[in-house]
Amino acid sequence: MNNASTALKVAAGIFLTIALITIVVILFISAQEATKTAQNNFSDIQTELAQASFTVYDDTSISGSQVVNAIRKYNGKDQFGIKVLTGKNQSGVWYGSSLNTADVTDGAYGSVTGKSTTDVSKSWDETDSNYVNPSGKFKAQVVKDSSNVVRGLIFIQSTAR
């Protein structure tokens, strides 16, 4: 009888150990899924925050001084270009990188085509055709590549005050 009760105690101990291990494994698996979900949500938030700085330029009308500030701010950014079309220079000039903006439906739209050699100082030199009038009005556009990454900005002068 003593052996039977000892065997039952050992069996109960083994059963409880297996139950405890099963619970730990289930908790670990659910924690892994929660971690993956949290990482995906964090990645989405991070992408939105990175793109949020460009929403001010998305199909808006801004002043020439804001255009010059954008040129100064983003000029050194890698694989990023800013095109400015002024009243004196209707074809425009690129600052930073030159981008493919020929056809929006093209898969290469927004891709970097080269490095621009235009000096930023030309945007505030009144004698240059690339001069950006601080009181002028510009239509702003955001250029995104096929991966929906912001690659550049285009500013088109509409009127001068």
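## Contacts and the predicted model

Two residues are in contact when heavy atoms lie within 4.5 Å. The structure described here is a predicted model.

## The nonpolar cores

Tyrosine 74 also belongs to the largest nonpolar core, which has 21 residues. The residues with the most contacts inside this core are Tyr57, Val67, Tyr74, Ile82, Val84, Leu153 and Phe155. At least two core residues are supplied by each of α2 (64–74), β2 (81–85), β3 (93–99), β5 (136–144) and β6 (150–160). Helix α2 gives the largest share, five residues.

## Aromatic rings

A pair of aromatic rings is described by two quantities, the distance of the centres and the angle of the planes. Five aromatic pairs are found in a search of the whole structure. One of them joins phenylalanine 54 and tyrosine 74, with 5.2 Å from centre to centre and 35 degrees between the planes, and this pair is tilted. It links distant parts of the chain: phenylalanine 54 is in the loop between α1 (2–52) and β1 (60–63), whereas tyrosine 74 is in helix α2, 20 residues apart. Phenylalanine 54 has a relative accessibility of 4% and therefore counts as buried.

Phenylalanine 54 also pairs with phenylalanine 80. Why is the pair of phenylalanine 54 and phenylalanine 80 stacked? The ring centres are 5.4 Å apart and the planes stand at 25 degrees, so the pair is stacked; the angle must be under 30 degrees for this description. Phenylalanine 80 lies in the loop between α2 and β2 and phenylalanine 54 in the loop between α1 and β1, so this pair ties together parts 26 residues apart in sequence. Both phenylalanine 54 and phenylalanine 80 are buried. One aromatic cluster is formed by Phe54, Tyr57, Tyr74, Phe80 and Phe155.

The charged end of arginine 72 sits over the ring of tryptophan 124, at 4.5 Å from its centre.

Is strand β2 mostly covered or mostly exposed? It is mostly covered, as five of its five residues are buried. In a regular strand the side chains alternate between the two faces of the sheet. In β2, Gly81, Lys83 and Leu85 point one way, while Ile82 and Val84 point the other way. Strands β2 and β3 pair in the antiparallel sense over four bridges.

Lysine 83 lies in strand β2 and stands opposite tryptophan 94 in β3. Its relative accessible area is 17%, so lysine 83 is buried. Apart from residues up to four places away in sequence, lysine 83 touches Ser91, Gly92, Val93, Trp94, Leu153, Ile154 and Phe155. Of these contacts, Leu153 and Phe155 are also among the residues with the most contacts inside the largest nonpolar core.

Most residues other than glycine have a negative phi. Which value does phi take at aspartate 59? The angle is near 55 degrees, a positive value in a residue other than glycine. Aspartate 59 is found in the loop between α1 and β1.

Glutamine 79 likewise has a positive phi, near 55 degrees, and is found in the loop between α2 and β2. Glutamine 79 counts as partly exposed because its relative accessibility is 41%.

## Salt bridges

Side chains of opposite charge can pair when their charged atoms come close. How many salt bridges does the structure hold? There are two. In one, the side chains of lysine 122 and aspartate 128 meet at 3.6 Å, N to O. Lysine 122 is partly exposed, with a relative accessible area of 32%, whereas aspartate 128 is buried at 15%.

Another salt bridge brings together the side chains of aspartate 145 and arginine 151, at 3.0 Å, N to O. Aspartate 145 has a relative accessible area of 15% and is therefore buried.

Technical notes
Residues numbered from 1 in each chain as written. Predicted model: local features only at pLDDT ≥ 70, side-chain atom pairs only at ≥ 80, totals over all residues. Heavy atoms only, no water. Core = buried A, V, L, I, M, F, W, Y, C linked by side-chain atoms within 4.5 Å. Buried < 20%, exposed > 50% of the residue type's maximum accessible area, 1.4 Å probe, protein only. Phe/Tyr/Trp six-rings, centres within 6.5 Å; stacked < 30°, edge-to-face > 60°. Lys NZ or Arg CZ within 6 Å of the ring centre and 35° of its normal. Pairing = 2+ DSSP bridges. Salt bridge = Lys/Arg side-chain N within 4 Å of Asp/Glu carboxyl O.
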